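Visitor: I am new to reading protein models. Could you take me through this one, question by question?

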Amino acid sequence: MVCNSCNGTGEKECDICGGRGQVRVIHRALQPYNRYMGTLALWLGIPTTEIRTCGNCLGSGKVPCTDCSGTGEVNIETDT
């Protein structure tokens, strides 16, 4: 029987990137802010954004369906 979760494709949309294959990473570096009484205060600097390939789906936007183990078909057991 065809898997209802993936409609028989064996693949589902990646939950991490939403099917885009890329993720946005935001970095905030500590920057020196002010010297007060000989100590250096730090603040979170201006964030920088980087687009990276999704590590979960490796950029494809799809992952194997867990309900059918990527086969696209499920076995239904019936009691007889």
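Visitor: Let's start with glutamate 73. Where in the chain is it placed?
Guide: This is a predicted model. Strand 6 covers residues 62–64. Glutamate 73 comes later, in the segment after strand 6.

Visitor: Is glutamate 73 buried or exposed?
Guide: Its relative accessible area is 56%. The cut-off for exposed is over 50%. So glutamate 73 counts as exposed.

Visitor: Which residues does glutamate 73 touch, not counting those up to four places away in sequence?
Guide: Sequence distance and distance in space are separate things here. Glycine 10 is 63 residues from glutamate 73 in sequence, yet their C-alpha atoms are 7.7 Å apart. The residues that glutamate 73 touches are Met1, Cys3 and Cys68.

Visitor: What pattern does the chain follow along its sequence?
Guide: The chain has zero helices. It has six strands. Read in order, that gives β-β-β-β-β-β.

Visitor: Where is confidence lowest in the chain?
Guide: The chain averages a pLDDT of 84, and 76% of the residues score at least 70. Strand 6 has the highest confidence, at 97. Where pLDDT is low, the predicted coordinates should not be read in detail. The lowest confidence, a mean of 58, is in strand 4, residues 39–44.

Visitor: Which residues make up the largest nonpolar core?
Guide: Of the chain's 80 residues, 18% count as buried. The largest nonpolar core has five residues in all. They are Cys14, Cys17, Cys54, Cys57 and Val63.

Visitor: Which residues is valine 63 in contact with, leaving aside neighbours within four places in sequence?
Guide: Valine 63 belongs to the largest nonpolar core. Two of its contacts, Cys14 and Cys57, are in that core as well.

Visitor: How many disulfides does a search of the whole structure find?
Guide: A disulfide is a covalent bond between the sulfur atoms of two cysteines. The sulfur of cysteine 14 has its closest cysteine sulfur in cysteine 17, 3.8 Å away, which is too far for a bond. Cysteine 17 is in no disulfide either, as its nearest cysteine sulfur, in cysteine 57, is 3.7 Å away. The search of the whole structure finds zero.

Visitor: What is the relative accessibility of cysteine 17, and is it buried or exposed?
Guide: Buried means under 20%. Cysteine 14 is buried, with a relative accessible area of 1%. Cysteine 17 counts as buried too, at 1%.

Visitor: Which residue forms a salt bridge with aspartate 67?
Guide: Side chains of opposite charge can pair when their charged atoms come close. The closest N and O atoms in this pair are 4.0 Å apart. The pair links the segment after strand 6 to strand 1, 55 residues away. The partner of aspartate 67 is lysine 12.

Visitor: Are aspartate 67 and lysine 12 buried or partly exposed?
Guide: Aspartate 67 has a relative accessible area of 46%. Lysine 12 has 28%.

Visitor: Which side chain meets glutamate 50 in a salt bridge?
Guide: The structure holds two salt bridges. In this one, the N to O distance is 3.2 Å. Glutamate 50 is partly exposed, at 32%. Its partner is arginine 52.

Conventions
Residues numbered from 1 in each chain as written. Heavy atoms only, no water. Helix = DSSP H or I, 4+ residues; strand = E, 2+ residues; numbered from the N terminus. Buried < 20%, exposed > 50% of the residue type's maximum accessible area, 1.4 Å probe, protein only. Contact = heavy atoms within 4.5 Å. Core = buried A, V, L, I, M, F, W, Y, C linked by side-chain atoms within 4.5 Å. pLDDT = per-residue confidence, 0-100. Disulfide = S-S within 2.5 Å.
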